[in-house]
Structure formats: structure tokens, C-alpha cells
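Visitor: I would like to take a close look at a single part of this protein, with someone to guide me through it step by step.

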Amino acid sequence: MAHIPGTVFRSEATAPWHVRFMSGTHEVSTGRSVHEYLADGELYLTLIHPDDHPGFTQTFSQALAERRPYVAEYRVLHCDGSWHWARQHARGVYAEDATILFVDGVIFDISAERREQERVRKLANALPVAVYQSRLDENDRPRMLYISDAIEQLTGYSAQAVMADLLILFSRIHPKDLPGFVAADAQAFHARAEFAQEVRFFRADGQERWMSVKSSPYTTEDGEIAYQGFMEDITERKLAEERVRASESFLQQIFDTSNVAIFLVNPQGIITRANRKMAQMFGCTIEQLTGAPYVSLVDPVERQAGHRKMLALLASDIDSVNLERLYLRHDGKTFWGNLTGKRFNGSDGTEYGLIGVIMDVSERRRAEEEVRNLAFYDPLTNLPNRRLLLDHLQTCIDASTRNGLYGALIFIDLDNFKTLNDSLGHDVGDQLLRAVAGRLQSVVRKGDTVARLGGDEFVVVLGSLDASALIAARMANGVGLKIIEQMNSPYELQHNAVRSTPSLGIALFRGNESNIDELLKHADLAMYQAKTGGRNTLRFFDPEMQERINARALIESELYDAMEKRQFLVYLQPQVNIYGDCIGAEALVRWNHPVKGIISPTQFIAISEETGQIRAIGHWVLYEAMRLQRRWQANIATRDIVVAINISARQFHLASFVNEIEQLLESTGADPSRLQFELTESVLLNDADDAIAKMLAMQALGIGFALDDFGTGYSSLAYLKRLPLRQMKIDQSFVRDILSDPNDLAICRSIIVLAASLGLHVIAEGVETREQWELLRAEGCEEAQGFLFAGPMPEDEFVRWLDVGA
């Protein structure tokens with residue numbers, strides 16, 4: 001044992017494999033005293049690196065189970081605090097009855113060997129070639145023993161992938177080169193001869209490269225024959241060789257087969273050689289070209305200047321030229337050609353003049369002209385774009401300055417276009433925009449301008465209407481009403497009858513009373529007034545509108561103070577069942593303005609949506625509503641009431657929204673089973689998959705969901721059946737006239753039936769009369785809210801309302 005450069009050991013054969021014997025005084029891989037291991041039989045196993053321990057244990061256990069020796073390599077903690085590499089050779093010792101008695105083995109410190117392997121690996125990876133070692137297995141199939149990381153740069157496959165399956169490289173050899181490569185490889189291996197092949201190889205990305213593979217045989221430690229060699233990318237060398245082979249016939253091949261005009265001119269500018277394509281291009285014979293001055297091919301307007309430039313080029317040190325000029329055919333017609341010229345020298349360095357290539361670029365020049373035109377037109381509708389619109393508008397303003405007549409700018413926006421685009425697809429949306437463009441052009445006069453600003457925004461410019469503002473306004477109003485009439489007719493798009501309505505804003509102009517930016521802003525503001533006025537209508541810009549805009553801006557600025565000064569309140573509106581019991585309360589925000597008093601959300605929610613303040617307001621409402629629900633848990637009259645909370649689109653589509661809800665539930669102690677989030681269809685349609693994922697996550701917390709304002713947007717049963725809903729709400733716009741409008745009654749009845757078929761509760765909002773409620777109950781609606789029962793009120797009033805017998 002004294003001659004063995006390792007530590008011989010004997011251990012138990014079952015866990016925890018106590019060490020019973022170790023040779024020498026110190027174990028070689030850890031440097032620790034043998035007595036330490038004999039005193040603590042489990043010590044050695046605890047020193048094995050955590051990452052290597054599972055693999056070592058598996059190798060050990062599997063070998064003993066299969067009654068075979070094993071070799072394991074692993075890291076072990078040395079007594080100096082560093083990690084050493086160890087190799088363990090061991091086998092089980094068995095009794096006559098095949099019972100395993102113990103394990104005998106020897107441990108070697110292979111740290112120096114590993115360091116040398118790492119040094120060699122780094123050296124191999126630094127080379128511009130992939131170094132490898134390989135051999136044949138028992139079935140004469142090639143097996144890779146080692147390959148450097150450079151193989152990934154050469155082939156696109158990692159060293160690990162190649163080690164796992166060498167055939168991955170064979171499969172990428174060009175099919176025409178593979179048989180010869182395989183035959184040469186087998187022949188070299190069996191003859192123990194050197195191997196060298198050059199093959200075409202397809203990288204992982206599909207790129208074809210040339211590879212050189214060379215190897216030499218050597219004998220391994222176990223006496224087997226293996227090969228060591230390298231793989232090198234020789235594509236550039238192969239390409240260079242190909243260029244050399246092709247150089248002798250280069251000019252002849254180009255002249256005979258080229259689809260571009262090629263010619264040679266001597267230092268005096270005389271054509272000495274021309275190909276067939278050049279003769280075709282200029283409409284003459286090769287003989288007519290040969291001997292003619294090059295400048296005779298140039299258009300006469302440029303001929304003299306072109307001749308001077310040619311001689312100057314030949315006399316200068318400039319190596320090449322690239323320019324476009326107008327050439328003259330023999331029939332007198334002209335064309336644009338691109339001339340690329342380069343000095344042409346013989347193999348002995350003699351300068352022969354210039355080799356030139358002419359390409360007919362007339363079509364490209366025409367295309368460029370079309371591109372310049374496209375810069376002023378919208379590619380989807382072929383209408384003037386913003387740039388050309390501004391030009392036409394300025395022309396109308398200038399004309400108005402001269403003739404004193406009013407003009408009008410009509411700003412047109414399609415109502416609910418985004419929802420339609422998302423639900424029916426962008427192809428249908430594009431078709432609709434083209435159809436709208438056609439209808440707008442059919443309405444206006446020949447000299448008027450119809451332009452597309454982008455998205456679903458269009459502009460019509462009406463020039464020279466009348467000297468009277470009133471008459472001009474009537475004329476613009478007439479055109480606007482025609483536009484609305486035209487655009488209200490259904491569009492047949494991909495076998496779908498699609499309806500789209502417009503909102504129009506009209507601003508009059510005369511002379512330089514308003515600049516273009518102000519005029520566009522005025523029309524845009526008027527359009528938004530049409531939006532807020534119910535859509536599918538038109539509005540004129542006037543000073544009163546400006547006052548309302550200023551008031552809106554004031555509200556926007558005061559909203560920031562409202563959050564900081566805690567001016568918001570949560571009001572509650574009861575929700576009742578058919579027995580008159582209060583089963584829920586919708587949390588509604590109110591603004592307690594220090595001067596104006598209680599402000600309805602209709603006056604500030606839309607503004608907060610646009611400015612982004614809705615996120616902070618919405619978070620506050622959630623927090624307060626959950627705190628309220630926590631308080632209600634202690635009151636027998638309120639503990640079972642479900643608190644409904646409206647969730648805005650900006651809130652819901654935050655990536656962190658679910659986490660926000662989890663944190664609020666934890667901080668407030670609210671009962672999620674007594675919370676219900678109300679979502680509108682537009683919120684859910686924006687990204688249905690994301691919406692459903694969030695809803696499911698919150699449903700798992702216990703929160704319920706109601707679909708608010710159902711039927712007021714682009715409803716889709718395809719997504720509706722996928723939503724984890726608890727309730728559907730009938731919008732008050734359908735309830736308001738349910739007694740007098742059969743269409744509203746039919747809609748309410750359909751929603752009730754649909755909810756029942758989907759297993760959902762249905763609640764009607766905006767119930768104001770007993771007759772409305774009785775009709776809804778008769779149709780199967782079991783829940784309602786509205787002023788018939790109670791309006792929104794503060795919490796203390798709500799509790800008193802409950803006490804007096806809701």
C-alpha cells in the first residue's frame with residue numbers, strides 16, 4: 001500500500017457508509033488525519049461538494065446494486081479551506097451467499113490533473129479551430145471523447161450537444177460529400193492512418209460553409225485506438241481558390257452572359273470592347289459601339305461636360321466612379337443609366353483604361369418619383385396625408401385672405417373604432433377605413449380636400465363657402481350631415497354587416513384670423529364635444545366651448561389637490577333582491593370639493609382616465625371599500641352584504657394589479673368572498689387572455705366579478721363564456737325606457753335569458769319606478785339597484801337606511 005499514490009479505504013456498504021479503515025496517516029484529497037475519519041465514520045461524505053454529492057451517491061448506490069466496480073470524480077473540501085478534485089475507484093466485497101459485506105477502494109487527489117485539463121481546455125478554446133478526441137464504440141459507431149468550445153462558433157452547435165450526439169455533425173455534411181467522408185473516416189480508423197477531408201457543411205442556422213477535418217491516431221491508456229484532430233472553417237480559402245480558378249475566364253464569361261451593359265474604354269475614352277447587352281441597350285450593333293467615343297452615348301445636353309469628366313478621371317488617381325446620367329439610344333430616345341466604372345489593369349500592371357457597367361435605372365427612377373408622391377398620400381386610403389393636408393389648408397387660407405370668403409375644417413373621428421378593430425380584426429378595420437375614405441370623397445365637392453391624419457381620424461377642408469359666417473356655417477353643416485348620413489349606412493366587410501358612426505367637429509376660418517395649428521385644435525375640440533354629446537353627431541367650435549374647455553382644465557389641476565387633501569368620499573348605493581333584502585352595495589366615489597360641494601364622478605372620472613389619475617383614485621377607492629367591508633364584518637346587519645367596486649381599464653391592465661389586490665386584502669383584513677369587482681366589456685376586450693388570467697387569479701382569492709354595462713359595446717359570446725363571472729348588469733340605458741320602448745324590453749329580456757343560461761346572477765341598474773321593477777321581476781330579473789330603493793349615500797346613512805328596514 002505504501003507505493004499507491006492514494007488512500008486505500010474500507011467502508012460499510014450501507015448508509016451512512018461509515019469508514020472502517022484508511023491507509024497512511026492522512027487522507028490524500030482532504031489532507032485530514034486518518035484518525036479523524038476513523039473517529040467519525042461519516043465525516044468524509046460531509047466534505048463532498050454539495051453540487052457533486054447527489055451524483056456521487058447515485059454512482060455509488062447504482063454500482064453496488066449492479067455488483068460492479070465504479071469510478072467517481074468529485075470535489076472535496078481540503079483542510080486548508082480549498083476545494084480539491086478527487087477520484088475514487090471502488091468495488092463491493094461480497095460473502096459467499098452474495099451478501100455485500102463492505103466496500104474497498106482507493107482515493108486519489110487529481111487536482112493537479114484537473115488544473116492541467118483546464119489549462120489545455122482554455123488553450124484549445126482559444127484556437128481558431130475546434131480540437132477533438134474521438135474513438136469507435138463497441139458497435140463501431142463514432143463517439144466523441146472531447147471537443148473544444150470552438151465547435152459552437154464553427155457550427156452553431158455547442159460542445160455539450162456534440163458530445164451527447166456526434167451524429168449531429170454528420171447529419172449537417174452536404175449530402176454529396178457525406179458518403180466519401182464516412183468511407184474515408186472508416187478506412188483511416190481501421191488502417192490506423194491519418195485522416196483528412198474537406199467537406200461542405202451546413203451550420204445550425206442553415207449557412208453553408210467549407211470545413212477541413214484532420215486527425216491522427218493515438219493509443220489510449222487502456223490500449224484502445226483513438227483519434228485526436230481538429231476541425232477548421234476553410235470557406236474563405238475555398239472562395240479564394242474559386243476566384244483564382246475563375247479569374248482567367250472572368251471577363252469572357254461576364255461579357256457573354258451578363259444582363260447589364262459592360263464595356264472597356266482606353267485612356268483616350270474610346271470604347272474598345274462591348275457586350276451584347278450593351279448593344280441591345282443602345283439599339284445598335286457591337287461593331288457600331290466598338291471604336292466610338294464613350295461620350296457619344298451621353299445625352300447631348302451633358303455630352304461636353306461628360307467628356308471632360310471622363311478624361312479627368314482617366315488622368316487622375318481616382319480608382320472608381322459611380323454616377324447616374326441620361327443616355328441617348330440610336331433611335332434618339334433617352335434613358336437613365338447607372339454607370340459604375342473602375343480602372344482596369346492587366347496582370348503585368350499595364351493600365352488598359354476603364355471597365356464600365358451600365359444598368360438601366362429608368363424604372364427605379366420612376367419608382368422613386370412614385371415614392372416621393374407617396375410621401376404626400378396615405379398608403380392605406382390613397383388620401384392626402386397630414387403633410388399634404390397642411391399644404392392644401394394653407395392654400396385655402398391664403399385664398400380666403402384674398403377673396404374674403406369663409407372656409408371650414410371638418411375633423412372626423414370614427415366612434416368605437418378601436419373596439420371594432422380589436423373584436424373583428426385589423427384586416428376588417430383597414431377595409432372600413434378605405435370604405436370611409438370612399439364615402440367621404442363622394443360627399444364633398446371636386447375642389448375640396450379629404451385627408452387622413454392617421455388611425456381613424458379624417459379631415460375635410462371646404463374652401464370658398466360664403467362671405468357670411470352664418471351662411472358658411474349652414475353650408476358646412478349640410479356637408480357634415482351628408483357625411484353622417486353616408487357613414488351611417490352599414491358596410492359589407494368580409495361578409496359582415498358592420499356599422500360605424502362618426503363624430504364631427506367643425507371650425508370655420510377666414511383669412512389669417514387663425515393659424516393652422518389653432519384651426520386644427522379648434523376642430524379637434526369640437527369633435528370631442530360631439531363625442532361627449534352622444535356621438536354620431538357634429539359640433540361647431542365656439543367661445544362657449546372654450547369656456548367649457550377651461551373649466552375642464554381647472555378640474556384636471558384640482559384633481560391633484562383632491563388626492564393630496566383627501567377630498568374624495570365613498571358613497572354606497574344599495575342592491576336589493578326580489579324580497580327587498582339588501583344583498584349588496586356598490587361603492588361609488590364622490591368628490592367633496594371645498595367650494596363646489598359634492599361633485600358627481602361624471603364630471604371628473606373621464607378626465608382622470610385621460611390623465612392617468614384614475615390609478616391613484618381607483619387604488620384609494622379599493623382601499624376604503626375594503627376597510628369598510630372589514631368594519632362591516634362585526635355588524636350582523638352588514639356582514640353578509642357584498643361590496644361592489646368599479647375597476648377602471650388603467651387599473652386592471654397594470655401588470656401588478658393582482659399583487660396590489662393581494663396586498664390590500666392582507667392590509668385591510670377584508671373578506672374577499674364579500675367583494676365583487678365590476679368590469680366593463682371594453683376593459684375585457686382589450687386583451688381577453690390577459691383579462692381572464694387575472695380574473696382567475698383573483699377568483700382563486702375569493703373575489704367575484706360582474707360584467708358592467710353589458711350590451712352597450714361590442715359584445716362577444718365567444719369571450720363571454722370564458723369569463724369567470726358571478727353576475728351580469730343590465731345597463732340603465734336599457735332600463736330607462738323599458739316600459740315604452742319594445743326594443744329596450746327585448747334587450748333586457750335577452751340579457752336575463754343569457755345570464756340564466758350561463759348560470760349567472762343578473763341585476764338591473766337605474767330602476768326608478770315600481771312599474772319598471774315589477775316588469776323586470778316578471779321577466780326573471782332577481783336583483784336591482786336604483787333610486788326606487790335608494791340613491792348613493794355615505795356609510796352612516798347607508799347603515800341607518802338598513803336599520804329602518806330596507
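Visitor: How many bridges join β29 to strand β30 (residues 761-765)? Please take strand β29 as the part to look at closely, and then tell me about its surroundings.

Guide: Please keep in mind that this is a predicted model. In it, 4 bridges join β29 to strand β30, and the two strands run parallel.

Next, consider the side chains of the strand. In a regular strand the side chains alternate between the two faces of the sheet. Strand β29 covers residues 727-730, with Gln727 and Lys729 on one side and Met728 and Ile730 on the other. These four residues are all buried, and both faces of the strand are therefore covered, where buried means under 20% relative accessible area.

Leaving aside its neighbours within four places in sequence, Phe677 is in contact with Gly704, Phe705 and Ala706, and its other contacts include Leu622, Met626, Ile645, Ile647 and Ile703. Phe677 also belongs to the largest nonpolar core, which has 75 residues, and within that core Phe677 and Ile645 touch the most other members. Helix α22 (residues 614-632) gives the most to this core, with 8 residues. Apart from this core lies another one, of 33 residues, with Leu462, Ala476, Ile484 and Met487 among them.

Helix α16 (residues 417-424) and helix α17 (residues 426-443) pack at an angle of about 135°, and their axes are 6 Å apart. The two helices are therefore oblique to each other. On the side of α16 the contact is made by Phe417, Leu420, Asn421 and Leu424, while α17 brings His426, Val428, Gly429, Leu432 and Leu433. Sorted by kind, the residues of this contact divide into 6 nonpolar and 3 polar, with no charged residue.

Key. Residues numbered from 1 in each chain as written. Predicted model: local features only at pLDDT ≥ 70, side-chain atom pairs only at ≥ 80, totals over all residues. Heavy atoms only, no water. Axes fitted to C-alpha atoms, helices over the stretch in contact; angles between N-to-C directions. Parallel < 35°, antiparallel > 145°, perpendicular 65-115°, else oblique. Contact = heavy atoms within 4.5 Å. Nonpolar A, V, L, I, M, F, W, Y, C, P; charged D, E, K, R; others polar. Buried < 20%, exposed > 50% of the residue type's maximum accessible area, 1.4 Å probe, protein only. Pairing = 2+ DSSP bridges. Core = buried A, V, L, I, M, F, W, Y, C linked by side-chain atoms within 4.5 Å.
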